[in-house]
Amino acid sequence: MAVGPAHLPTLLVLDADPLPRLGRLTGRVRVLHTDEASLAARLPEADVLLVWDFTSRAVRAAWPGAGPRPGWVHTASAGVDHLLCPELTASGTVVTNARGIFEEPIAEYVAALVLAMAKDLPRTWESQRQGEWRHREGAKVAGTRAVVVGSGPIGRAIARTLKALGVTAAVVGRVPRTGIHGPQDLDRLLARADWVIAAAPLTDATRGMFDTRRFGVMQPSARFVNVGRGPLVDEDALVRALERRWIAGAALDVLTEEPLPPDSPLWRVPGLLISPHMSGDTVGRWDELGAQFVDLFERWAAGRPLKNVVDKERGYVRGH
């Protein structure tokens with residue numbers, strides 16, 4: 001263990017703006033700050049690494065270097081694919097995530113997208129901008145069917161929220177269990193779904209799972225939403241599916257390349273809504289994330305078991 005002033009443990013923060021509020025830990029921990037460029041050099045000093053900049057992939061690059069490594073890494077995000085490299089996965093370091101913060105906001109965002117697409121709100125706003133009175137009929141949401149791919153807390157929250165709108169929602173997970181379908185049921189459910197929601201973690205098993213074949217299985221009236229990870233989707237296959245009208249529409253809040261360049265053809269695909277990875281981002285989230293980390297730190301300092309421990313081989317918190 002690294003030793004700071006008065007034998008305090010050392011916390012290294014991979015910074016992002018705004019910085020975390022760690023006032024409750026004053027006098028109990030030596031806090032160091034780093035950016036991506038200095039991370040590799042500073043890792044050996046740290047007992048704990050807080051990945052506050054959860055958009056960064058610097059940990060994957062810096063971790064394999066020489067010297068000791070923190071015994072605990074916490075990321076202020078639900079996903080951990082930006083952290084995990086073979087060396088970190090094989091190490092004894094504990095990884096935790098921000099499970100419990102993003103579930104309801106993401107579920108609300110998915111519900112908003114479903115309603116916006118069903119009621120054709122994008123065209124309504126565009127017609128208003130152009131001063132055109134264009135009467136249309138919207139689709140009814142109640143009575144439709146959804147399949148949510150991803151049985152973690154985010155996927156389950158999405159299913160609950162859609163059910164409140166009168167949508168029959170089936171959830172697909174890695175293994176079947178009570179109330180959860182297994183992967184063997186996915187194609188059958190896709191063929192009947194009006195709404196397909198991708199909310200799975202990014203793993204070797206899920207990368208590119210929504211490809212030409214899967215879009216071909218869906219109904220022509222189906223709409224697809226991705227709030228999981230960009231690489232879950234073969235984006236070229238999605239573009240073809242939309243252009244050929246294999247499906248009726250799609251919304252991507254996460255993309256393979258982020259930020260999406262202004263010259264990306266995805267901006268101009270008919271029937272595609274793009275948002276800048278914001279489905280879980282709500283006013284006050286930074287304070288919630290900071291308070292969550294402080295609570296976890298207090299457990300760690302007291303020698304109590306940590307919550308939100310990630311199974312590094314699987315890439316997510318087990319038990320859901």
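# A guided tour of the predicted model

Begin at H277, which sits in the loop between strand 11 and helix 10. This is a predicted model. Select H277 and look at the backbone. Its phi is positive, about 50 degrees, although H277 is not a glycine. Most residues other than glycine have a negative phi, and most peptide bonds are trans. H277 has a relative accessible area of 33%, so it counts as partly exposed.

**Next stop: N308.** Move to the loop between helix 10 and strand 12 (310-311), where N308 lies. N308 is not a glycine, yet it has a positive phi of about 60 degrees. Is N308 buried or exposed? Its relative accessibility is 16%; the cut-off for buried is under 20%, so N308 counts as buried.

**Two cis peptide bonds.** Select D17 and P18. The peptide bond from D17 to P18 is cis, and omega is near 0 degrees. P18 is in the loop between strand 1 (10-14) and strand 2 (30-34). Now select E258 and P259. They too are joined by a cis peptide bond, with omega at about -5 degrees. Look for P259 in the loop between strand 10 (249-252) and strand 11 (272-274).

**Zoom out.** Show the whole protein chain as a cartoon. How many helices and strands does the protein chain have? There are 10 helices and 13 strands. The radius of gyration is 21 Å, close to the 20 Å that the globule rule gives for 320 residues, so the chain is as compact as a globular protein of that length. Turn the view along the principal axes: the C-alpha trace spans about 70 × 45 × 35 Å.

The accessible surface of the protein chain is about 15,500 Å². Carbon and sulfur atoms hold 54% of that area. Of the 320 residues, 51% count as buried. Then colour by charge. The chain carries 39 positive and 36 negative side chains. The centres of these two sets are 7 Å apart.

Contacts tell of the fold as well. Take the contacts in the chain with a separation of 6 or more: 59% of them are between residues 24 or more positions apart.

**Into the interior: I158.** Select helix 6 (residues 153-164) and pick I158 within it. With a relative accessible area of 0%, I158 is buried. Which residues does I158 touch, leaving aside those up to four places away in sequence? They are I106, A107, V110, V148, I197, A199 and V227. From I158 to G27 the C-alpha distance is 41 Å, and the two are 131 residues apart in sequence.

**Last stop: the aromatic rings.** A search of the whole structure finds 10 aromatic pairs. Start with F54 and W286. Their ring centres are 6.1 Å apart and their planes are at 25 degrees, so this pair is stacked. The pair links distant parts of the chain, 232 residues apart. F54 is in the loop between strand 3 (48-51) and helix 2 (58-62), while W286 is in helix 10 (residues 285-301). F54 has 23% relative accessibility and counts as partly exposed.

Now select F210 and F215. This aromatic pair is tilted, at 6.5 Å centre to centre and 40 degrees between the planes. Both residues, F210 and F215, are buried.

Finish by selecting W72, F293, F297 and W300 together. These four residues form one aromatic cluster.

How values were computed
Residues numbered from 1 in each chain as written. Predicted model: local features only at pLDDT ≥ 70, side-chain atom pairs only at ≥ 80, totals over all residues. Heavy atoms only, no water. Phe/Tyr/Trp six-rings, centres within 6.5 Å; stacked < 30°, edge-to-face > 60°. Helix = DSSP H or I, 4+ residues; strand = E, 2+ residues; numbered from the N terminus. Buried < 20%, exposed > 50% of the residue type's maximum accessible area, 1.4 Å probe, protein only. Rg over C-alpha atoms; globule rule 2.2 N^0.38 Å. Contact = heavy atoms within 4.5 Å. Areas by Shrake-Rupley, 256 points an atom, 1.4 Å probe, with all protein chains shown as cover. Lys, Arg positive; Asp, Glu negative; His and termini not counted. Charge placed at Lys NZ, Arg CZ, Asp CG, Glu CD.
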